[in-house]
Each structure stands twice: as C-alpha cells, then as structure tokens.
Amino acid sequence: MTALDRRTLLQVFLAAGAARLVGGAAPAAAQAKGLSFGPAEAFSYDWLKQHARELAARPYEPPPRPDPAIVEQIDYDAHGKLRFRKDFALYREGSYPISFQHVGRFFPKTVRMHAVDGDTAREVLYDPTLFTVTADHVAAGLGEQPSAFAGFWVHEPPSAGDLDKVEPWATFLGASYFRGVGELGQVGLSARGIALAPGAPGPEEFPDFTEYWFVPAEGPDDPVTVYALLHGPSVAGAYRFLLRRTSGVVMDIEANVHPRRTLERLGLAPLTSMFWYSETAKPTMVDWRPEVHDSDGLAIWTGSGERIWRPLNNPPRVSFSSFLDDNPRGFGLSQRDRLFDHYQDGVRYHLRPSAWVEPLGDWGKGVVQLVEIPTDDEIHDNICAMWIPDAPHGAGSHIQIAYRLHWLADEPYPGELARCVATRLGNGGQPGQPRPQGVRKFMVEFLGGPLKDLPMGVLPEPVLTASRGEFSYIFTEAVPNDVPGHWRAQFDLTVEGDQPVDLRCFLRNGDQVLSETWLYQYHPQSTV
C-alpha cells in the first residue's frame, strides 16, 4: 500500500467514523472509531504469570521490529510529527482514555496492545491511519505488520479538555520505562520494571515490556488496570499496575520475575533520573544556570525508622552506594529544591516530581543501591536507585515483589525531624587566614522539625563520622535569614588521595535527635 493509498484510506475512516473489527465485535467498553481488534482470546492474570514462567524456561526470542532501516530514520523531530489521532483513543468516552505511541529510533520494537473484557482480551491492531503519517514522512514506508505500536499514554477525562492539549498523566514508552505526572503538573524522572546491573562494565541489558493488557477504570476514583509481559535475554516477568489519578499519580505494582540465568544485581522497583550539578559543586562556567537536575537526593526510611537524606553526585567515575536494610519502609528520588531562582530555567526543574517507593508486604533483607554515572549534559539519565533483594536470583527462581509508587511533590509520609535542604562545599580554613591545602569545607543546612523549638541560646550539636580523614573547625549556627528552625552545620575535612569518602552527619540536643541523617559521598578529585 502506498502512502497516498493510506491518506485516502484515512479520509474514508474519518468520514465513516465507525470501528472496524476483525474476528467479531469489540469489547463494549473499548469501542472507538478507527480502532481494529483481533479475535477474542482467553486472558487472566494467573495465565500471564504462568506464561512468563514458561517463557523463562525457553531460549529468548526478541520481539519483532518494523523495518529497522526506516525506524532508524525516525529521530526525535520525526517522531514528534507522528501524533496519535486522539479521536481514535481506546476508551475515548471513559474516565481515562488511552492513546498509543509510534516506534522510532529510541524505541524500535513492537509492543502489542490488548483490551480486556471479562475473561477475554482482543489485540488492538496497528494501522498507520491512526497516526498523522503524511505522504512525505519516513514512517509512510512501514507496513501494517509487524505492529508499529511502541507504548501508550493514559489521559485525563474528556471533560478536562482536548486530549491533544492536555498532558497525559501516565506514560509507558521504551524498554520497561514509565512515568507519572507529579502534583505540581510536571513529569521528570522515570521508573522501570526492572534494572539489571546498571553502571556495570559493558552494555546494560534492558528487558522490554512486550505486551500490555488494559482494563478501564469504572469511574474517576477507580484505577486503570494494566497488565504487562516483561521479556529480555536474561529474564521474563508478569506485572500488574493499578494506576490512580490523585493530586499526583499513585501506582500499585506487583512484579513476578523469572531469571533465565544467575543475576548478580537484580534491581527491583528501580527509579531513574538526571543530575548534572546543584549548589553543592558546579564546574566553573560549565553552564549559565545555577542548578540542573530532575532530582537532588535519595531519601530512605529504613526498617528501623531512621530517616536518611543522601544528596546526589555527578561523580568522576561510576559510583555505587549500598544501604543495607531489612524491610525498608520506603525510598525515593526527590526534588526538594522548589525555588525557581535556583534554576532559572523555563523547563521548570523546580516543579519536577519526586517518586517514592512504598513496599507492600514483607520485602525481607536486601540493599537500597544508588548508582551515579558521570555526565556532562542534562540529556542523560545518570542516576538509578533500586532495591536488590537478598534472595536467590538463579535460573528457575521466582522473585515476587509488591509496592506502591507515589509521584508527588514530596515524600508521602514526611517525618517529624528537621530535613536537610542544602549541601555546600568550599575551601577549608578560616576566612582571612591562609587556606590550607587538601582541606574541604562543608556546610550542611537543616530546616524545621525540633529545630524550630530550640530554647534561646541552645546550639544543636553536629554528630559526625567519616570513612577516612580528620574533622576540624566544627560548629553550628542559625542561618541568618530570619527563618525559624533553619540551621547549618559547618566542618572542615582533611583527607589525602582521591578515593571517595563517606560522610555522615545529624544534629542532636543531648539525647534528643533533631534532624534526619545526612549521608554524602565526597570525591576529592572532582572538587579540589
């Protein structure tokens, strides 16, 4: 079929305005003009879990790809012109319509889509007329098979306005990546279904969500249910997502993972973000903006109840930080700095969402691992935070995990202690005196909590530890900005060599803990 044939066919569909069906009528809730559906097939979550288990026992077969030579030419700009025609959205008149995304250079593999109706499902069939494929667009050279669907968007109700003008609130596109909009109306960092040894030497394996099954929300307060099949050379899995639109987005996720081989670092509930630089350390004149990042720290609420804040780094080499825990209460990548003046950027980094992983059920022992990868620009995701369970990860094993993923402005369960709001570095020593070599000054700011109620004249005590080096010039002082409960701890660190130093600090007054625990990995060679 030529491109001209497709354009003529599109005009026919627009005039007819009727669903085209293959193998019978469409599911009642899924009817939409322009969509075609395959024959009904039995479907259940139990079947999907068994299917994933059976796939893991067989040799891996990659998903089909539409013509790679054509898809490679669908770059960022060309893909932006391939807009799904929202009048054809699945569940167009329901609470939350679903539209589909086209393959392109950065997501070249076919992803199959299915509409569930009771105990059966029908595949939503790809047709180029569902997209704005003009006669001169490179995608016009693609056929109808294999499918050129690559992902999907979940939209606001039709009452919110034109689907082309209102941003979607959940997106699934590329490998096992997905995102939710935060309560400040922005997207930013991403989540993944799985992470396999990110940051390790050699190419990273990115398993794909190869098929999705949709169950519509019954009402605006009900979840959109999405089932997903994960498949890659080393693993297969069955996932269930319950997507809820709240002030932000909340997702209840269950993952069933079946390795094909032994996995040394199986990352579950992984979050991926970008951190170039912040107020902590910025190379001279690298960019005109004061800060550039989607997230500025890793927050952890440990199983024992300790609150941890770990500011992010752009390290000189790939860095791994592991935090041992038993049944953690939660962790997440946060954007705490909400002042526009700290970014000065029209892309609104100050409104980026924070993502919080809340374990459901017994997670047992494992580690929250933070991976930081060097970057020289904002176009790269260089941060990953994930849970690595202390459990068998060999061929034939089954790892099941459930969690609630919150896309909000802040942590959903903030603690009562003072929070770290800034980390600043400078040359060590005292002002007006010769500055000693090899000494770094740290200013760690805390705000709120019990610090607001300190009696007049009482100075909070900084409690410091370091994996190596010596502290000096240690004191605390109220930040002179007339903000109640805003204090900073100051100290110098003398250290030799360029190996990382792990630092720890919190504030107390006698036996009373006043602040969360600040952890930081200092890289001498990157800041001296």
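T225 lies in strand β12, which spans residues 224-232; strands (E, at least two residues) are DSSP runs, numbered from the N terminus. The structure is a predicted model, in which local features need pLDDT of at least 70 and side-chain atom pairs count only at pLDDT 80 or more, while totals for chains, interfaces and linings use all residues. Residues are numbered from 1 along each chain as its sequence is written, and side-chain values use heavy atoms, with hydrogens and water left out.

With a relative accessibility of 11%, T225 is classed as buried, a term that denotes under 20% relative accessible area, whereas exposed denotes over 50% and partly exposed the range in between (1.4 Å probe, protein chains only). When residues up to four places away in sequence are not counted, T225 is in contact with W213, F214, V215, R240, F241 and L242; contact here means heavy atoms within 4.5 Å.

Backbone geometry was also examined in several loops. The peptide bond between Q145 and P146 is cis, with omega of about -5°. P146 belongs to the loop that connects β5 (120-125) and β6 (149-154).

A positive phi was found for A175, a residue other than glycine, with a value near 50°. A175 is located in the loop between β7 (170-173) and β8 (177-180), and its relative accessible area of 24% makes A175 partly exposed. N327, which is not a glycine, likewise has a positive phi, of about 55°. The loop between β20 (319-326) and β21 (330-334) contains N327. Because its relative accessible area is 31%, N327 is partly exposed.

How values were computed. Helices (H or I, at least four residues) and strands (E, at least two) are DSSP runs, numbered from the N terminus.
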